[in-house]
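Biologist: I would like to go through the surface of this protein with you. Please show me the model.

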Amino acid sequence: MLDWTNPATAALNEIRTAPLVRFSVLALSSIFFLVDPFAAIPSFLAITQSVDPARRKRMARKAALTCFIVLTSFALAGQLIFRMFGITLPAFEIAGGLILLLIGLDMLEAKRSPTQEAYGDTEEGAAKEDAGIVPLGIPMLAGPGAISSVMVLVGQAPSLWRWEMGAVLGSIAITCVVSYLVLAGAGRVRAVLGETGIRILVRIMGLLLVALAMQFFVNGLTDLGVISRP
């Protein structure tokens with residue numbers, strides 16, 4: 001009997017299993033879930049409640065640009081940092097996995113992790129003339145979790161000139177553009193999603209982030225030889 005396969009289905013399966021696609025999806029999802037601009041909407045609106053819409057957009061743009069500069073800097077310097085401090089990728093995968101796990105567990109409760117937003121950050125930001133860089137850009141968007149995730153991903157790239165690095169940088173750029181759009185239209189986004197919708201979205205991201213954290217943790221243990229490869 002002749003085994004016939006739909007060419008379109010076969011092509012789609014090949015795309016899904018391609019290393020570039022799998023790594024790119026991993027990079028984009030892990031970075032975006034950790035930056036999580038939707039969870040930052042309440043704090044952003046509280047900080048910018050007394051400013052006009054044009055200035056609110058400028059602060060959103062500055063926050064997104066700060067996030068891009070910080071994450072890109074760590075992406076480009078990741079390999080150097082590993083060599084400088086003698087840190088191995090498996091060790092950083094385990095440490096990064098633990099950080100991501102803690103953040104993900106907080107997100108499952110629909111609340112911001114203290115690594116992203118410490119107590120008093122919102123009030124301090126509201127009192128500032130311009131809070132676009134601190135605390136909005138860092139640590140609310142580019143926090144320790146996002147930085148750790150970027151460095152773990154970069155550690156899997158053999159060099160700066162490989163496609164893995166391009167996938168990480170592209171994921172950072174997409175995440176920062178979406179973050180700007182979400183924050184610049186924070187009022188409309190909250191009106192559309194509502195507080196309940198935002199909480200549900202944050203919980204879903206938290207669940208996926210916990211799964212990513214465990215994958216990083218398992219990868220680290222596997223690379224150390226504690227767990228045998230399948």
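Biologist: By class, how many nonpolar, polar and charged residues does the lining of the largest pocket have?

Modeller: This is a predicted model, where local features need pLDDT of at least 70, side-chain atom pairs count only at pLDDT 80 or more, and totals for chains, interfaces and linings use all residues. Residues are numbered from 1 along each chain as its sequence is written, and side-chain values use heavy atoms, without hydrogens and water. Ala 39, Pro 42, Ala 110, Lys 111, Arg 112, Arg 190, Glu 195, Ile 198, Arg 199 and Val 202 line the largest pocket. Sorted by class (Ala, Val, Leu, Ile, Met, Phe, Trp, Tyr, Cys and Pro are nonpolar, Asp, Glu, Lys and Arg charged, the others, Gly among them, polar), the lining has five nonpolar, no polar and five charged residues.

Biologist: Which helix gives the largest share of that lining?

Modeller: Helices here are DSSP runs of H or I with at least four residues, numbered from the N terminus. Five lining residues of the largest pocket come from one of them, helix H10 (residues 186-224).

Biologist: Which helix gives the most to the lining of the second largest pocket?

Modeller: The lining of the second largest pocket includes Pro 19, Arg 22, Phe 23 and Leu 26. Four of its lining residues come from helix H2 (residues 19-35).

Biologist: Is Leu 80 buried, partly exposed or exposed?

Modeller: Buried means under 20% relative accessible area, exposed over 50%, and partly exposed in between, with a 1.4 Å probe and protein chains only. Leu 80 lies in helix H4 (residues 53-85). Its relative accessible area is 44%, so Leu 80 is partly exposed.

Terms used. 1 Å grid on protein atoms, 1.4 Å probe; cavity = no way out; pocket = protein on both sides within 12 Å on 5 of 7 lines; lining within 4 Å. Helix = DSSP H or I, 4+ residues; strand = E, 2+ residues; numbered from the N terminus.
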